[in-house]
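Welcome! Take a moment to look over the model below, and then let us walk through it together.

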Amino acid sequence: MHGSTIDLLYYSDRPGWAVPPDAPDLEARLDRCRRQGARLLVVAGPAADALPGPLGGLGVIERGPGWAVLKL
């Protein structure tokens with residue numbers, strides 16, 4: 001999750017879904033991703049430091065300055 005682009009997926013050469021962190025239906029989108037096989041959520045940028053809204057309830061697997069890997 002980084003803005004509304006898929007740059008992170010492209011540069012990490014990983015399959016996945018790009019989800020904008022300010023999507024009004026964020027919980028529903030994350031649930032759809034889960035049902036389609038997503039297990040992890042990578043948050044990059046300012047949102048990674050505070051983990052707003054529904055992201056705060058997800059388990060943090062690893063975290064660094066400006067990024068976090070969460071368990072869906």
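Predicted model: local features only at pLDDT ≥ 70, side-chain atom pairs only at ≥ 80, totals over all residues.

Residues are numbered from 1 along each chain as its sequence is written, and side-chain values use heavy atoms, with hydrogens and water left out.

**The overall layout**

The chain has three helices and three strands, and from the N terminus on they follow the order α-α-β-α-β-β. Here helices (H or I, at least four residues) and strands (E, at least two) are DSSP runs, numbered from the N terminus.

| Element | Residues |
|---|---|
| α2 | 26–35 |
| β1 | 40–44 |
| α3 | 47–50 |
| β3 | 67–71 |

**The core**

A nonpolar core is a set of buried Ala, Val, Leu, Ile, Met, Phe, Trp, Tyr and Cys residues joined through side-chain atoms within 4.5 Å. Buried means under 20% relative accessible area, exposed over 50%, and partly exposed in between (1.4 Å probe, protein chains only). The largest core has 15 residues, and those touching the most other members are Leu30, Leu41, Val43, Leu55, Leu58, Leu70 and Leu72. Its largest share, three residues, comes from α2. In the chain as a whole, buried residues make up 31% of the 72 residues.

**A closer look at α2**

Which residues of α2 are buried? They are Leu26, Leu30 and Cys33. Seen down the axis of α2, its buried residues fall within an arc of 55° (taken from the directions from the helix axis to the C-beta atoms), so they line one face of the helix. The buried residues of α2 pack against β1, while the face turned away from the buried side carries the exposed residues Glu27 and Arg35.

**Proline 54**

Proline 54 lies in the loop between α3 and β2 (59–64). At 32% relative accessibility, proline 54 counts as partly exposed. Leaving aside residues up to four places away in sequence, proline 54 touches Leu26 and Glu27, where contact means heavy atoms within 4.5 Å. The C-alpha atoms of proline 54 and leucine 26 are separated by 7.8 Å, although the two residues are 28 residues apart along the chain.
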